[in-house]
Amino acid sequence: MIDSFHVELTTDFSNLVIRPVEKADLPTLEWGQKYIKYRRMFARLYNSTQSGDTLMWLIQVPQGELIGQTFVMLRSSDHSAANGDSRAYLFAFRVKPHWRNRGIGSWLMHFVENDLYRRGFKYLTLNVAKDNPDALRLYIRLGYKITGSRPGIWSYVDHKGHVHTVKEPAWRMEKRLPLHTSLD
Ligand SMILES: CC(C)(COP(=O)(O)OP(=O)(O)OC[C@H]1O[C@@H](n2cnc3c(N)ncnc32)[C@H](O)[C@@H]1OP(=O)(O)O)[C@@H](O)C(=O)NCCC(=O)NCCS
């Protein structure tokens, strides 16, 4: 298992750190006001990291700002997404706008894939919204293949206690996990 991860990407942004989300990080996942609506969901997901069902990763400037994150469900009631031993599901993958298109997202994906491979998982699945061609292109470049279509209907309770239902038709994608030895 990997606890945290340092890599030199380019001369511009060496020494970024990938590490697990800690309880004290939860407010920073809100990106100011942008994702405040997911406050309760972040807390629930954090609780499920304690039982080992979910992994929450963030990328951070050393001692400083959170610049990206992704979460991984190891076990889900939908076994086609995550079944607890061979298949895991990646979600909430995002990099702050200022830091995009520099390879950070690809690096985070490689990190997650390596971590899962070492945990014994064989496949990583994800959903990508059909109206998100940029992310779709990135996943295809990283070796993910479309395996199906999902209505993408889910709901959450926001920080004020209001229930929201999201309808986001999505492609289900999947990749057989490699081991990226260049990251070792
Ligand atoms: C999707 C997302 C996480 C990708 O993060 P990122 O850090 O920009 O990812 P990368 O930099 O690795 O790749 C993005 C593009 O930059 C290119 N790139 C990679 N390294 C680069 C570099 N050093 N210089 C210039 N471009 C580079 C990649 O080839 C890729 O090109 P593509 O769009 O043609 O595939 C980010 O765009 C994001 O947060 N989007 C909003 C949330 C979202 O849509 N998440 C996905 C939900 S399914």
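Guide: What follows is a conversation about the fold, the core, the ligand shell and a few residues. This is a predicted model, in which local features need pLDDT of at least 70 and side-chain atom pairs count only at pLDDT 80 or more, while totals for chains, interfaces and linings use all residues. Residues are numbered from 1 along each chain as its sequence is written.

Visitor: OK, how many helices and strands are in the protein chain?

Guide: The protein chain has 3 helices and 10 strands, where helices (H or I, at least four residues) and strands (E, at least two) are DSSP runs numbered from the N terminus. Along the sequence the pattern reads β-β-α-β-β-β-α-β-α-β-β-β-β. The radius of gyration, taken over C-alpha atoms, is 16 Å, close to the 16 Å from the globule rule for 184 residues, so the chain is as compact as a globular protein of that length. That rule is 2.2 Å times the number of residues to the power 0.38.

Visitor: And how much of it counts as buried?

Guide: Of the 184 residues, 26% count as buried, which requires 20 or more other C-beta atoms within 10 Å of a residue's own; 12 or fewer makes it exposed, anything in between partly exposed, and the C-beta atoms are placed from the backbone.

Visitor: Which residues touch the most other members in the largest nonpolar core?

Guide: That core has 37 residues, and Trp 57, Val 72, Ala 88, Tyr 89 and Leu 126 touch the most other members. A nonpolar core here is a set of buried Ala, Val, Leu, Ile, Met, Phe, Trp, Tyr and Cys residues joined through C-beta atoms within 7 Å.

Visitor: What is Trp 57 in contact with?

Guide: Leaving aside neighbours within four places in sequence, Trp 57 is in contact with Ile 18, Pro 20, Val 21, Gln 69, Thr 70, Leu 108 and Val 112, a contact being two C-beta atoms, placed from the backbone, within 7 Å.

Visitor: Switching topic, what surrounds the ligand?

Guide: The ligand is surrounded by 17 residues, and Arg 94, Arg 100, Gly 103, Gly 105 and Ser 106 are the closest; a residue is near a molecule if its C-beta atom, placed from the backbone, lies within 6 Å of it. Strand S5 (87–95), helix H2 (104–118) and helix H3 (133–141) each supply at least two residues of this shell, and H3 gives the most, with 5 residues.

Visitor: Tell me about H2, then. Which of its residues are buried?

Guide: Gly 105, Trp 107, Leu 108, Met 109, Val 112, Glu 113, Asn 114, Asp 115 and Leu 116 are buried in H2. The helix has 15 residues and reaches 21 Å from its first C-alpha to its last, close to the 21 Å expected at 1.5 Å a residue, the expected span being 1.5 Å times one less than the number of residues. Gly 120, whose phi is positive, near 95°, follows H2.

Visitor: Last one: where is Lys 167, and what does it touch?

Guide: Lys 167 is in strand S9 (residues 163–167), and it counts as exposed because it has 9 C-beta neighbours inside 10 Å. Not counting residues up to four places away in sequence, Lys 167 touches Gly 152 and Ile 153.
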